[in-house]
Amino acid sequence: MADPLFGAMLQSVIDGASDKAAELARLALAKGLDPLEAVNRGFAVGITFAGDAFGCGQMFLPDLLASAEAMKAAINILEPEMLKRGSQRETLGKVVLGTARGDIHDIGKNLVATILSASGFQIFDLGTSVTPEQFVAKAEEVGADIVGVSALLTTTMAGQKAVIEALDRKGLRPRVKAIIGGAAVTSKWAAEIGADGYSRNAVDALELAKKLLNKGRVST
Amino acid sequence: MRPRIQLLSPELIGRILRESFELLMSPGIRVGSAVVELLRAAGVGVHDGVAQIPEALAQQCLASAPREFYLHNRQGEKAVHYGGDDVHFDPGSCCVQMLDPDTLEARPSETRDLVCIVQITEMLPQFAAQSTAVVCNDVPSAIGDLYRLFVVLQHSDKPVVTGSFSAAGLQGMIDLLAADSGSPDKLRQKPRAIFDVCPSPPLNWSEFGSHNLLDLARAGVPAEIVAMPLAGGTAPVTLAGSVTQHAAEVLAGITLHQLAGPGSPVVWGGAPAIFDMRTGGAPMGAVETAMLNMACAEVGKHLGLPTHGYLVATDSKFVDAQAGAESARSATLGALAGINMISGAGMLESLACFSVEKLVIDAESIASACRLARGIEVRSDDTLATAMFAQTGLSGEFLKLKETRALFRREQYLPSALIDRSARGSEPPNDLLTRARTRVAELVTKYQKPTLPEEVLRRFHAIINCEEDRGADGISGGTQHLVD
C-alpha cells in the first residue's frame with residue numbers, strides 16, 4: 001500500500017527542499033518504513049520527474065541541482081539504516097569522472113556527477129585536469145563501468161582521445177564505456193575518437209549512462 | 001535606474017509644439033461636417049471645411065484629457081496601464097492578407113486566421129492586449145469591423161485594441177463591448193477596449209475620423225489617436241518636421257475629442273513612417289520610422305499624456321532575417337522610449353500581411369526588449385557579490401546557492417525553445433521557421449477558450465444579426481457558423 005509519505009517525499013525533491021526531504025527521511029525511519037522503499041517509491045520518483053521537467057525546459061539548472069541536493073539530504077539520513085538492513089540501494093553503475101588534462105572548467109562535469117549520483121550511480125570524481133593515467137588507474141581500482149571525460153576547450157578535447165586510447169591500451173574496453181561531453185564536443189568528434197557516447201547536457205548524460213549499461217528507460 | 005533613450009532635447013520639443021500650434025491656425029485643420037457645430041460653439045472659425053483652432057482652446061482641451069487610465073480584462077481587473085513609462089505590446093492590425101503557414105504565400109485572411117492569432121496572443125504574456133488583427137474576408141464586408149471584435153471577445157479575456165471601418169460601424173462595436181461588460185455604464189467605468197482613430201495626413205480629420213472621435217468621447221470609451229505622417233510623402237521630409245505635423249494632428253484630435261466629452265480617455269498615438277523614395281511605400285522596419293515613433297511619443301510624454309506607437313513590424317515578405325532584425329530593433333527602441341502601447345507584432349510586408357510564426361518570434365524579441373528596459377537592478381540590501389563569495393569561497397559553486405535559485409528567473413529572461421541556445425546534437429538543428437511552427441502548434445494546443453455566459457453570447461449574436469441586416473451590400477446568410 002502506498003504510504004502518503006511517498007507523495008510528500010517526491011514533492012520535496014521536486015521542490016528542491018533539502019530540509020523537508022531530510023525531515024521526511026527521518027519520519028520514515030521513525031515510522032519503521034523500509035528505507036529502500038522510501039527511496040525507490042518516494043525520493044527517486046521526484047528526481048526522475050525533475051530530470052524529465054528539465055529535459056523539456058520546464059525546470060532549470062538551479063532547480064535541478066536543488067532537487068539533487070534534496071535527494072542527497074534524504075539518502076544521507078536513510079543510508080545507515082539501509083546498511084544495517086543489508087538492503088543497500090542497488091547502484092546503477094560505477095562512473096569515474098574528470099575533466100581532460102589541461103582543462104580546469106568543471107561546471108558541466110559537476111552537474112553530471114550530481115545528476116548521476118542523485119539517480120543512483122556511484123560517482124568517483126577525479127576533479128579537474130586529470131591525466132589519462134589517472135583515469136585508467138581509478139577505473140581499474142574501482143571496477144568502473146563508465147569513464148566520463150569532460151572538455152570545454154577545443155585545445156583540451158585531444159585529452160579525451162588520449163583517455164580512450166589509454167583505456168584501449170589497458171584492454172579495459174569494451175567492458176568499460178567511455179563517454180565524453182563539453183561545450184565544444186559534438187557527436188561527430190565522439191565518433192571520430194571512438195567514444196561510446198556523447199551527451200549535450202547532464203540530463204542527457206543520465207539517459208546515455210543508463211542506455212550504455214542497459215538500465216531502465218532509454219530516451220528516444 | 002531604468003534605461004531610456006530620448007531623441008529630442010527640451011528645446012526641440014518646445015519648438016515642435018510651438019510650430020504645431022501655429023499649424024492649427026495656419027493652414028488650419030480640415031474637419032468633417034460632424035464636428036463643425038461643436039467647433040463653432042467653442043468659438044472656432046470654420047471656413048470651407050477648414051478649422052482654425054486657437055492654441056488657448058487646444059491647451060484647455062489638453063488640460064481636460066486624463067493623464068492615465070486603465071484597460072480591464074473580462075474579469076474587470078486592471079490589465080493595461082496607459083500612463084507613465086509603462087510599456088505594453090499588442091499584435092498589429094488590420095491586415096487583409098495572411099501568410100499561409102503551409103505554403104508561405106500571402107492569401108486573403110479569414111476567420112480561422114483571426115481565431116489562431118487570438119489564441120496565440122491569449123497564451124503569450126508578452127501581449128498585454130489583443131488586437132482585431134486581420135479582416136475576415138469570409139464574412140460580408142459591411143460587418144467586417146464588428147465581426148472581428150466579436151471573434152476576439154469570444155476567444156479572449158484580455159483587453160482589446162480595435163477600431164471601426166466606418167462612422168456607422170462604431171456603434172455596433174460599442175454595443176458589443178457594452179454587452180460584454182454588462183452595460184454601457186460598466187463599459188465606461190471599466191473599459192476593456194480602446195479604438196484607434198486616424199486623421200488623414202496632412203492635417204485632415206475626415207468625416208469618418210472626426211465622427212468616431214465624437215462618438216467615442218460621448219460613450220466614454222478610450223480613443224487612441226493614430227496619426228500617420230509619411231515623412232517626405234504626406235508630411236515634411238525632415239523627421240523633426242513630421243513630428244511637428246504629427247503633434248498638430250493629434251492636438252486637433254484631442255481638441256475635438258475633449259470638446260465632445262471632457263475627461264474622456266484619449267491616447268497620444270501614431271503610426272508615423274518615412275516615405276520610401278524607391279517604392280513610394282511606408283517602410284515600417286526602417287530605423288527612421290522607429291525614430292519617428294519614439295520622437296512622437298516623447299512629445300506626448302512631455303505633455304503628460306498616455307502614448308502609443310506602431311513598431312515591431314517589418315517590410316520583409318517572409319519570416320526571415322530581415323523580419324527578425326527590423327522587428328527586434330524597433331521592439332527594443334520602443335521599450336526604451338517607454339511607449340505605453342506598442343502595436344505591430346506579427347506584421348509583414350509593411351503592414352499588409354500577418355504571420356502567426358512571426359508573432360511568436362516577435363514575442364521573444366518583445367520579452368528581451370522588456371528585460372532590457374527593466375535595467376540592472378540591485379537585489380539585496382547588503383552586498384552585490386561579497387555575501388555570495390562568503391558562501392562559495394573559491395569553489396565556484398554558484399549554481400548551488402539559494403540566491404541563484406531565488407533570483408535567476410528575475411535576473412534572466414528565460415526564452416521558449418523557439419530561441420535556440422542548445423549544444424549541437426546528433427540530429428540536424430531546426431531553423432527558426434520550423435521552431436516557430438512548433439511553438440505555434442504548442443500554444444494553440446494549450447489554449448483554452450473562455451466560457452462566456454449564455455446571455456452575453458445571445459446578445460452578441462443579436463447585435464451581429466441586427467448589423468448584418470443593416471449591411472449595405474445585402475449579403476445575407478448566417479455568420480454564426482463561422483465561429484463556433
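In the loop between strand S6 (88-91) and strand S7 (97-99) of chain B lies Cys94(B). Helices (H or I, at least four residues) and strands (E, at least two) are DSSP runs, numbered from the N terminus. The peptide bond that leads from Ser93(B) into Cys94(B) is cis, with omega near 5°.

This is a predicted model, in which local features need pLDDT of at least 70, side-chain atom pairs count only at pLDDT 80 or more, and totals for chains, interfaces and linings use all residues. Residues are numbered from 1 along each chain as its sequence is written, while chains are lettered from A and ligands numbered from 1 in the order in which they are written.

**Backbone of chain B**

Most residues other than glycine have a negative phi, and most peptide bonds are trans. Another cis peptide bond joins Ser26(B) and Pro27(B), with omega about 10°. Pro27(B) sits in the loop between helix H1 (10-25) and strand S1 (29-31) of chain B.

| Residue | Phi | Loop of chain B |
|---|---|---|
| Leu203(B) | about 55° | between strand S11 (193-197) and strand S12 (204-205) |

**Domains of chain A**

Chain A is divided into domain 1 (4-85) and domain 2 (93-212), with bounds that come from an automatic or database domain assignment. The C-alpha centres of the two domains of chain A lie 27 Å apart. Their contact takes 8 residues from domain 1 of chain A and 6 residues from domain 2 of chain A; two residues are in contact if their C-beta atoms, placed from the backbone, lie within 7 Å. On the side of domain 1 of chain A that touches domain 2, helix H3 (35-55) and H4 of chain A each supply at least two residues. That side has 5 nonpolar, 2 polar and 1 charged residues. Here Ala, Val, Leu, Ile, Met, Phe, Trp, Tyr, Cys and Pro count as nonpolar, Asp, Glu, Lys and Arg as charged, and the others, Gly among them, as polar.

**Sheet of chain A**

An open sheet of 5 strands in chain A has the order S2-S1-S3-S4-S5, with parallel pairing. Strand S2 (121-125) and strand S5 (197-198) of chain A are the edge strands, each pairing on one side only. Two strands pair if DSSP finds at least two bridges between them. Strand S3 (residues 146-150) and strand S4 (residues 177-181) of chain A pair over 5 bridges, and Ser150(A) stands opposite Gly181(A) in S4(A).

Helix H6 (residues 132-142) of chain A packs on the sheet and touches strand S1 (93-99), S2 and S3 of chain A; its direction makes about 165° with that of S1(A). Helix H7 (residues 157-169) of chain A also packs on the sheet, touching S3 and S4 of chain A, at about 160° to the direction of S3(A). Axes are lines fitted to C-alpha atoms, for helices over the stretch in contact, and angles run from 0 to 180 degrees between N-to-C directions.

**Between the chains**

14 residues of chain A are in contact with 12 residues of chain B. Helix H4 (residues 61-85) of chain A gives the most to the chain A side, with 6 residues. By class, this side of chain A has 7 nonpolar, 4 polar and 3 charged residues.
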